[in-house]
Structure formats: structure tokens, C-alpha cells
Amino acid sequence: MRISDIQRCEVRPGRLVEWTFSPATITAASALPADPRPPAYIQESHVRTARSVRADGLFVPTWLGTAFDLPGRADLDALERALRSWTVRHETLRSGFRWAGDELHRFTLAEHDVSLHREVIGDFTDAEALVRYLQARFDVAADALGWPNLIYAAVVRDDSTSIYAVFDHTNVDAYSLHRIPEEIDELYTAGVTGRPISPTGVRSYVDFCEQERANADGIDDTHAIVARWREFIGRCDGRLPEFPVDLGLQPGSALPTQKLMREPLLDADAAAAFEERCRPHGGSLVGLLAATAVIVHELGGHPYYRTVVPFHTRLKTAWSDSVGWYVGGAPIEVPATRDFDDALTAVRAELRANRSLARIPLARVLRLLGADFRPRSPDMYSIVSYVDTRPIPGSAHWTEKKAYGLIRVSHGDQVCVWVNRLHEGLWLACRYPDTGVARTNVRRYVEGLRDLITSVSARDDLRVAEPAFS
């Protein structure tokens, strides 16, 4: 799925219809007792960060979403039934948080208490006006510090209906978004045609949060994972790593606005060649990180490329269909080199040695370290992420469905890079501070990345496959 902002996801005019939780659902939620299952550490960290940034006087929307088309003028009753069925299927979407002093407590609605309220907003004839409305509406309806914090919208036309499903980040990760078009389309089509769908048992992310938190709370500051993080952060001068190029930021300055760069990186043939080139060392993720290490050394001259690599925590297939924020991070440190093969070897070794560190939430590690990272930005560190989306159901039809993964671009001082492997090739999206220096250096990074991975993929050596890291 192509990652984009709302401004560039092919928004077209039409009649706008919205669905939010009904007043009856909100009333039912207000009377709920606390759910003993705690928030995940990553959820709690996200909400606390949002509260801290808001206390500094800055509203930083952090919602995620997906956009896709259904054919023709949608049957709104059938669509509403599909949206409700999909919502109650995933327990995290009917669960929220309340503050009790400085503690964050969960509440969770029963399925039968969930209903949707439909509202016809009106007809939009201008795409830009519709984009402005949607962004402002999503900012309010999917706020990290509010509940409910999700919204569905449809833009209805005679030839097609565009669906927008938007959530605060506490509820979803990128993989969750990738599955939405196929699942809602299937439910909607079944409702229109009368075709029955077999009941789908989906494991609850809320249950996962409880299990993960119990495991994390079972370690102390003597644990080997904590010691590894302590050493890594020490080598980063007591901070989590930033993108090692000049971004034109002044220490102590206000949190800058951000820009989004999103574009094709490689076509399908070039992406396949790059995968083949990197397979002996573990595949395209290793290659992307190795290429980044080479490029940022050329741009910034640092002796090491240090970063936190995001990994999914769906370690059992039972969680594969579940909507939630299943992400952890593992640190890597790659010595500066201009040689791609040396970087490949170093990255592979680092990932094999450190991937297990992602099993303990970083927020728990920082608490054990006593590290005081007072959040002033929604991004605690810069990332370079890689996901092969081709095995995801429905991915072969994303282009014809105009399917996008949506991210909100507002404020931040980090560089976040997402590279998705699509059937059409590699797609890159990069969120970065909106300064002249950052615009220049991020563009140099992306062009250097494209040139390097294209050139190394053209070589004929290292074709013998070895087992990938695990």
C-alpha cells in the first residue's frame, strides 16, 4: 500500500457521509468500570507523549488511516453494517483509556453496546475543499487524548465510493491498515449480495497488551536486554539515536512543522533485483539499512550509523489477523563504510544479535534505566522501516482500488522513512522537519539511496542464497 498524506491520495468530489460511535455507545462507555487489562507500554507512552506535547501548547495530530474505493454508488445501509461488523471484530477499537490521577486505566465496551451514528455532511464539488475538511475532521475525531478516537467516512459518487477509515495510533499499526480494504470490501460485498461469511475468530490486541505487559513487568534493571539498551544509549551520548545528517535544527528551538516526501523508489524489476542481491544476507530490509548506512556516512560523516529498527511483535500466527499496535524496536550500530558489502555484513550481524530486544517494549526499558526522556515530539527517534506487503490479502488490487495508507504530517524533529514492497516495486515515504537544510539533505539521501541500490543490484556476484536471519 502506498503511504501518503490526505493531500495526495486521489481525493475526489462527491457526497460526504460520516460514521462515528453513536450517542448510546458513548453513554454506555461512560458507565463502564475499569478493565483490569492494562494499556500496552507503547500505547501508554503514546498517550503520555500527546499529553506532554499538548501541555506545551502544541496540538500534534498523530492519526493513521486507510483510503480505498468501492465500485459504484455504495449502499449506505450495507456499508454501515460492514463497518460495524468490522469494528466489533477487533476489541481494541471498542476500548479506550481514562486518567485516574496520573494512572491510565482501560475501559472496554461489549460488542452489543457498539452502534454507529451516520451523518450526511453534504456535497463537495471542490477536491481541495474536501481535503481541508477531511483533515480538520480527522484531527478532532481521532485525537489521542479523546474518545472515541476513530471515524469512518465515505465520499459517494455514481461511479465509485471512496472509503476513509481513520484511527488514533493507539489502535493500529501499518499492518493493521494494510488489511482493512480487503476485509471491509468482503463484508460489504457479502451484505449487498446476501452471501454468508463464515464467522471470523480474531484474537484481541487488548489480551496481547495484558500478556506483553506482564512479560515486560517480569524483568528488572539487571536483565540482559536492559543492559544492552543501556550500553547502546550510552554510546548515543545518553539519547536515543537521531537521523545522522544535518536537518538545520537549532538546539532548544520550537518543534518544527514537517513535510512528507512520497514517491516510487524502484520499479518491480529493480526491486526484485535488489531483493536477489540482498537475499544471501537476509533480504531487502538488510539491504535498505546497509544502503542507508553508506549514504548517511557520505552525507554526515559520522563514524557509526545508529538507529532503532521497528519490528512487528506478532510472534504467533494467532495475532496475524488482529488489529492493534504490534511494534517493538531493536537497536543496531553499523560502523561507517563506503562499501555496501561490508555494510550488509555488519547490518545482518547486528539484526541477528539484537532483534530479540524488540520483544521488551522500549518504554519499559527506559523506565528501568531511569532515563528521563521528557517527550516533546511524537517521534522519540528516527526510523527506517521496510515492509513487504505483497502477501497481504487483496494487495494485488490496491492500485485499481486507489488504496493508500494515510499518515498525518504536522510537527516533529525526526526523520521517519517507510519503504513498502508493492507488486509494482518499492514505494518510499519520508516525514522530515520542514527546513531548507532538511529538504536538501533528505532529497540527497533519497536520491543516493535510489542510485546505490540500483547500482549494487546490477552486479552479478553473491548470487548463492544462504539462510536469512531469523
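This is a predicted model: local features need pLDDT of at least 70, side-chain atom pairs count only at pLDDT 80 or more; totals for chains, interfaces and linings use all residues.
In which strand does S385 lie? S385 belongs to strand β12, made up of residues 383-388. Its relative accessible area is 12%, and because buried means under 20%, S385 counts as buried. Setting aside the neighbours within four places in sequence, S385 touches L288, P310, V417, W418 and V419.

One of those partners, L288, leads us to a pair of helices. L288 is in α9, where S284, G287 and L288 meet F274, E275 and C278 of α8. Sorted by class, this contact holds 3 nonpolar, 2 polar and 1 charged residues. The axes of α8 (residues 268-278) and α9 approach within 8 Å and cross at roughly 90°, so the two helices are roughly perpendicular to each other.

On the α2 side the contact involves Y41, I42, Q43 and E44, and on the α6 side Y205, C209, R213, A216 and D217. This contact includes 5 nonpolar, 1 polar and 3 charged residues.

Now let us turn to open space. Rolling a probe the size of a water molecule over the atoms shows where empty space is left. The second largest pocket holds about 1,400 Å³ of space. It is lined by 45 residues, and R239, L240, E242, M380 and Q414 are the closest to its centre. Which helix gives the largest share of the lining? That is α2, with 6 residues. Helix α9 (284-300), strand β10 (304-312) and helix α11 (362-369) each supply at least two residues as well. By class, the lining divides into 20 nonpolar, 10 polar and 15 charged residues.

Is L116 buried or exposed? With a relative accessibility of 10%, L116 counts as buried. Beyond its sequence neighbours within four places, L116 is in contact with W19, T20, F21, S22, E80, L83 and R84. For a sense of distance, the C-alpha atoms of L116 and H302 are separated by 53 Å, and these residues are 186 places apart along the chain.

The other residue, D173, sits in the loop between β8 (160-167) and α5 (174-193). Although D173 is in a loop, it counts as buried at 5% relative accessibility. Leaving out neighbours within four places in sequence, D173 contacts R314, G324, W325, Y326 and V327.

Our last stop is the backbone. Most residues other than glycine have a negative phi, and most peptide bonds are trans. Where does a cis peptide bond occur here? One runs from W147 to P148, with omega near 0°, and P148 lies in the loop between α4 (127-141) and β7 (150-156).

E10, in the loop between β1 (2-4) and β2 (14-21), has a phi near 60°, and at 33% relative accessibility E10 counts as partly exposed. K402, in the loop between β12 and β13 (404-407), has a phi of about 55° although it is not a glycine. K402 is also partly exposed, with a relative accessible area of 25%.

How values were computed: Residues are numbered from 1 along each chain as its sequence is written. Side-chain values use heavy atoms; hydrogens and water are left out. Contact means heavy atoms within 4.5 Å. Helices (H or I, at least four residues) and strands (E, at least two) are DSSP runs, numbered from the N terminus. Ala, Val, Leu, Ile, Met, Phe, Trp, Tyr, Cys and Pro count as nonpolar, Asp, Glu, Lys and Arg as charged, and the others, Gly among them, as polar. Buried means under 20% relative accessible area, exposed over 50%, partly exposed in between (1.4 Å probe, protein chains only). On a 1 Å grid over the protein atoms alone, a cavity is a set of points where a 1.4 Å probe fits but cannot get out, and a pocket is an open set with protein on both sides within 12 Å along at least five of seven lines; lining residues have an atom within 4 Å of a point. Grid points are joined across faces, edges and corners, and a volume is the space filled by probe spheres set on the points. Axes are lines fitted to C-alpha atoms, for helices over the stretch in contact, and angles run from 0 to 180 degrees between N-to-C directions. Angles under 35 degrees count as roughly parallel, over 145 as roughly antiparallel, 65 to 115 as roughly perpendicular and the rest as oblique.
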